[in-house]
Amino acid sequence: MNIQESVARAQSSLQEQPWRLFASQISVLVRTEVRRNLFTRRRIGFHLLAWIPVLFLLAHNIFDRRDIDPAQIENDTFVLAGIIQLYYFRLGIFFACMGIFTWLFRGEMVQRTLHYQFLAPVRKEVLVIGKFLAGAIISIALFETAVFACFCLTYSRFGSAGRSYVFDGPGIGQLGSYLLATALASLGYGAVFLALSLLFKNPIIPGAMLLGWETIAPIFPSWAQRLSVTFYLKHLCPVNLPIEGPMAIFTIVAEPVSPFVAVLGLLCLAITILVLSCFLIHRLEITYTAE
Amino acid sequence: MTHDARQIVFDNVSKFYGEVLGVNKVNFSLDPGITSLVGPNGSGKTTLMNLLTGLIKPSRGAIYVLGLTPQQPIEFFRQVGYCTQFDSFPPGTNGYDFIYWPLRLHGFGHDQSTKLTEEALERAGMAQVARRKVAGYSKGMRQRIRLAQAIAHHPSVLVLDEPLNGLDPMARSESIALFEAIAKQGMHVIISSHILEEVDRISDRVVLMSSGYVVAEGQIKEVRREVRDHPMQILVRCSNAAKLASAAFELDHVVEAKILSDGQSVLVRTRDAEQFSLLLNRIVSAGLVEVDAVAPADDDVNSIYQYLIGSDGSPT
């Protein structure tokens, strides 16, 4: 069989199985995007955003070698909650997702390479899903590892008391909740920034507006709060931060919803925004000179 | 407009970038073979190619490529390969990966993609340097690796935007041979180029563009015949140039008959080439002169370009 016959045979076989083709295309997109974006020098900023708290905790564990009182575990649990809820959910994951997900399409426009994907026999919706999944994998891999490292560093310094808190107490459950919320934060913010990058040539300004919205959302009615990512994340956090002092302006005050509703709500929000992105991408044209 | 599944059809296509005209009211259909888009910078050649391949959408009208539109991306882009003018590559990629991964995106498996990648690299003469980073390639190598990617999946329609730019004479000649081989297989090859001599040599037909409009389209000889404002130039090499020149001057449609410096050739400018060839037959039959060769002197793309677009057609 010559090469043209085998190409024709492969093509007709793939046309008969579009879902298999879509899955294979998504897998290729994910592999190429992850390879291009996760371990490159240009993405060092995202790694820093994820690992800054870990480095602080590590330094704290190394240099603060005073006798450690097991009763301090509760206090450190609040510190960890603060790091995760105030730093990661509000800033770290937010800005990393802004960088990762807006770059997926807009960055390729800036680099003048998006046409290679637009000239492939790939449905635009498949392109959106593939790139979104790649962004999600990058963000989740970065921040899940960082959150896990923060958790380990927080409790490891307490020795057996720490082990007991993690394995016999609420520790392991709290870790699970944080990891779940971290993954959902990546999906939620990722979907929003992907859509913004398809709507605006410069998504920085709408990104700043989104940050403002996520901050002030708690003062809005309940239905409006449900349009913010942090609304759902708050209900997945195992430790409630006390609302006092300067922290009060960051802390979400929302009507309680069950974790199941929070997970489902955030997933629905992400999927709705992704569907919108699938419509938006059809408007996108390759006009690099306009960028 | 009617169209068949072997043609590329532009049906009243216009494209505006805001208030700026890209192309306007483009209507033509192309059969398989080599078609050259010719026109000065900013005439709309790249816009036409981007419209054809779905990178931009028409403001008005419709485009059909072998009966397909870019709204059917899976079927459409299996048939179309586009080597753009954008000299940019995914950061950090090497020549091999640049071809291999898009083939995987086509849905080919690893073995098939490897085979097609190696074949495309071989055809473009890039097999030896395939594992080097594209960032380290010369301009000609970057041009050839883009060409290799465009042909790797064996498209039926190959669109090439200035494919000869940056190539040395050897690579240029190899590329032209490759285009001709592809066209001989019954495929469409659409080329935009400033190098009119080469376009002229390889094209089956031309589309001449100026300021967003198609000013002429068709086989080069047909287009030349359509340009009635400019008399056709015919070069005749014969045994008695003076006698031929004086006989030619007696015809109304002959506007000039110039004896060239070799003394054996006459350059005739006539508004009716058919009448002139009848005269030539009569003279030869009567044994007045012996004709060695007759050749049109200006039915090439360069002349048509000069007549219709008004510049010298040299690269800008």
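Leaving aside its neighbours within four places in sequence, which residues is Ser228(A) in contact with?

## The surroundings of Ser228(A)

In this predicted model, Ser228(A) is in contact with Trp213(A), Glu214(A) and Ala217(A), once its neighbours within four places in sequence are left aside. Ser228(A) itself sits in the loop that lies between helix 10 (222-225) and helix 11 (229-234) of chain A.

Is Ser228(A) buried or exposed? Ser228(A) counts as buried because 23 other C-beta atoms lie within 10 Å, where 20 or more are required. Ala146(A), which is 82 residues apart from Ser228(A) along the chain, has its C-alpha atom separated from that of Ser228(A) by 24 Å.

## The sheet of chain B

Chain B contains an open sheet of three strands, arranged in the order 2-1-4 with antiparallel pairing. Strand 2 (20-30) and strand 4 (60-65) of chain B are the edge strands, each of them pairing on one side only. On average, and with direction ignored, neighbouring strands of this sheet are turned by 20° against each other.

Strands of a sheet pair through backbone hydrogen bonds. Five bridges join strand 1 (residues 8-17) and strand 4 of chain B in the antiparallel sense, and Ser14(B) has Arg60(B), in strand 4, as its bridge partner.

## Where the two chains meet

Between the chains, 30 residues of chain A are in contact with 28 residues of chain B. On the side of chain A that touches chain B, the elements giving two or more residues are helix 1 (3-16), helix 2 (18-37) and helix 5 (114-118) of chain A, and helix 1 gives the most, with eight residues. Sorted by class, this side of chain A has 14 nonpolar, 12 polar and four charged residues.

How values were computed:
Residues numbered from 1 in each chain as written. Chains lettered and ligands numbered in written order. Predicted model: local features only at pLDDT ≥ 70, side-chain atom pairs only at ≥ 80, totals over all residues. Pairing = 2+ DSSP bridges. Helix = DSSP H or I, 4+ residues; strand = E, 2+ residues; numbered from the N terminus. Axes fitted to C-alpha atoms, helices over the stretch in contact; angles between N-to-C directions. Contact = placed C-beta atoms within 7 Å. Nonpolar A, V, L, I, M, F, W, Y, C, P; charged D, E, K, R; others polar. Buried ≥ 20, exposed ≤ 12 C-beta atoms within 10 Å, placed from the backbone.
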